[in-house]
Amino acid sequence: MNHNLRATHRVYDKVSMHSLNGKNHSRAALPCLALMLLLLGLFVSPALEAQDNVFTGTNVGAERIRIAAADFKPQSGDAQTAPLKSTFDSTLFSDLTNAGIFDVVSKSLIPQATPGTPSEMNIAQWSAAPASAAMVAFGSLSVQNSSLVVNGFLFDAKNAQYPQVLAKQYTDQANEGAARQIAHRFADEIIFRLGGGIPGIAETKIYYVRPEGGNKEIWEMDYDGANPHPITHLGSISISPRISPDNSRLAFSTLDRNGFQIHMYSLLLNRVVNFPIAAGTNLSPAWSPNGNELAYSSSRSGDPEIWISDANGALSRRVTSFKGPDVSPVYNPRTGSQMAWISGRTGLPQLYIMNTDGSGIQRMTDGGYASSPSWSPNGQFIAFAWDRKYGPGAPGGQDIYVMEVATKRWIQLTHDSGPCDFPSWSPDGRHIVYANGRGHSAQVWTMLADGTQKHVLSNNGGDMPNWSWK
Amino acid sequence: MLFHALIVGAIFGYAYYLRHQGNSWGNNAATTSAIQATMVNAIPLPPRQPVNADNVLTSETPSPAPPTAKEKLAPPPEPTAIPIPEKPKPVKVAPKPVQATPHPQPVPPQPQKATTGEATGVRIAMTSTQTRAGTVSIGATDAAFGARFAYYVAQIKQKVAAQWYTAMLDPAAKGHRVYIVFQISRDGTPSSIRIQQPSGDPTLDQTALSAVQHIDTFGPLPDGYNGNYITVVYYFDPPSGP
């Protein structure tokens, strides 16, 4: 019954009531009449679906949301509370800053008050200058019986009548890692709610290659560079790590006595699992978005070509057949039916795309030296490293570019910062992680997909980063 | 004395004689005059209607009052109306066997929230209305979606505006605002995307339509919202020329 009553409830954004008024009223009258008949006649309640109308439009201002992250209120006298609170506050602040969709109010501009509950929140204090926040994240943090309890709230400072957007409670062990994790989760929830339904990336990982003496091992770190730790201990040269879509396996290429071979490391078993050895050099694996296939470059037939096998290395088949090296395949994560790769069939390596059955080949770059493509999660863009004027004495260098697949138009994201290579998209499509520098001096950097907010993530060397799928 | 009485009697007798023999004014007896004249034109009064005595509305004689019912008197009470109490005889009752009281059964805990569906973080004020069929509870209908979930509307705005590619617009076209209507279901997926009111510029219409079609999700509808979908009317203004 209450659905029936709410069915005629039409809502408009304040922006523009003026022009459609008459039309909407007449359209609203029809369901209203039907509703009255239903109510008066039978008192049955057929499931008329509840519905609300929103009226909005473009050119009405779409700017980044200005959000303030209040310091959380400590609500226990435990000695652990203060350090955990400071970890939580700083992590939440940096997560919101890194999200790319917010204009985060500086800590020096926010009010001194630390509201812990909605009743303690004076929203006018936050919406007024100098904070001028449109959204406020706040809450309380306490340590009870060696477990950490965080109550987080998100308030809409522009909506005095119904300010609450989110209310979340998290409980975990009372340690630094858990405090960071809770902050990541809360930040992800905020980003998910305010960022148009795209899940946040604060809980994602980055896998990268770290040189150690003459060896290279695969390492893992959080998306913000925290908590770096090694994954492999093979004592060899392992390159191009690629994490599977379900975060359970890590494929990479390792130099062993058979040359470069694809290796598979299970993150569930914490050991290397079997992957068949093929002749020649096997490089640059790439997971299909459903996790059932692995594409890689193999020279088992004499010429480096793209091969596709299942996740266990069986049923391998060849996709490309032109003379010249074909390397660095990457699936279109949106469809799984297309693939971008680098081919040297016309001389210098260029960026190509094709269907996964080898048909529909298109060349994307018109010259220079292209390498290491990465297809964006929404399927619209390919990021790749490109040296547009390749050759001795040519101006410019190797930089990160993003190309729109449909139009082949590109933009350059890095400038004058040394050689940049190995871009990898974040799962939300808003960030790109890449390597800057060569050899042992290379570092893993991250930036927004428009080239802003560049900052370094690794502090002790890192190369060939790969962002996890979720 | 007799003379006085004679004079008084003569005066009354003359008056009596005059009353019966003199001219009687205002008497409309048919015998007074042979000619009747009605001067309707001179006097500004409505003409009198002839009176029908049978008509109770026009009759001037009041109809007889209806007979009033006679008040009935209550019959006098019987002599035995009030019983005379007698002394009750003591009755010996055998004691009944005591029944065992049932052991208190544990009450299963009632769920605090719906067992299916997600728990809402926001409570909506409910209003209840009593009807003949029962109590009807409805969500606070004064809270319009755009006012209650302003952040979600802002997000729709931002998301569509970000997907609108104006490069394919015909700059010379004479267009005005185009209105696109679509629905957002519970999980945030847009559907039923159509043009409600074209702008007159086909390129504008097409780019506006594809802007919404490009979007996979707007994010799930807010937790506090109970409906299954919302209908969005979105307008695109052509960018102002240089």
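Guide: The domain assignment divides chain A into domain 1 (1-62), domain 2 (65-194) and domain 3 (205-467); such bounds come from an automatic or database domain assignment. This is a predicted model, in which local features need pLDDT of at least 70 and side-chain atom pairs count only at pLDDT 80 or more, while totals for chains, interfaces and linings use all residues. Residues are numbered from 1 along each chain as its sequence is written, with chains lettered from A and ligands numbered from 1 in the order in which they are written.

Visitor: What separates the centres of domain 2 of chain A and domain 3 of chain A, and which residues make the contact?

Guide: The centres, taken over C-alpha atoms, lie 37 Å apart. Four residues from domain 2 of chain A and six residues from domain 3 of chain A take part in the contact, where contact requires C-beta atoms, placed from the backbone, within 7 Å. On the domain 2 side there are no nonpolar residues, three polar and one charged. Here Ala, Val, Leu, Ile, Met, Phe, Trp, Tyr, Cys and Pro count as nonpolar, Asp, Glu, Lys and Arg as charged, and the others, Gly among them, as polar.

Visitor: How do you know how helix H3 (residues 81-98) of chain A and helix H5 (residues 176-194) of chain A pack?

Guide: Two packed helices are described by the angle between their axes and the distance between the axes. For H3(A) and H5(A) the angle is about 35° and the axes are 8 Å apart. Axes are lines fitted to C-alpha atoms, for helices over the stretch in contact, and angles run from 0 to 180 degrees between N-to-C directions. Residues of H3(A) in this contact include A:Leu84, A:Phe88 and A:Leu92, and those of H5(A) include A:Ala183 and A:Ile190. The contact divides into ten nonpolar, three polar and three charged residues.

Visitor: Which residues of H3(A) are called buried, and what covers them?

Guide: A residue is buried if 20 or more other C-beta atoms lie within 10 Å of its own, exposed if 12 or fewer, and partly exposed in between. Among the buried residues of H3(A) are A:Leu84, A:Lys85, A:Phe88 and A:Asp95. Their cover includes strand S5 (135-144), strand S6 (147-156) and H5 of chain A.

Visitor: Why is A:Gly393 called exposed?

Guide: A:Gly393 has 5 other C-beta atoms within 10 Å, and therefore counts as exposed. A:Gly393 is in the loop between strand S24 (381-387) and strand S25 (399-404) of chain A.

Visitor: What makes H3(B) mostly covered?

Guide: Eleven of the 14 residues of H3(B) are buried, including B:Tyr151, B:Val153 and B:Ile156.

Visitor: How many helices and strands are there in chain B, and how many in chain A?

Guide: Chain B has four helices and five strands, whereas chain A has five helices and 31 strands. Helices (H or I, at least four residues) and strands (E, at least two) are DSSP runs, numbered from the N terminus. Buried residues make up 46% of the 470 residues in chain A; of the 242 residues of chain B, 17% count as buried.

Notes:
Two residues are in contact if their C-beta atoms, placed from the backbone, lie within 7 Å.
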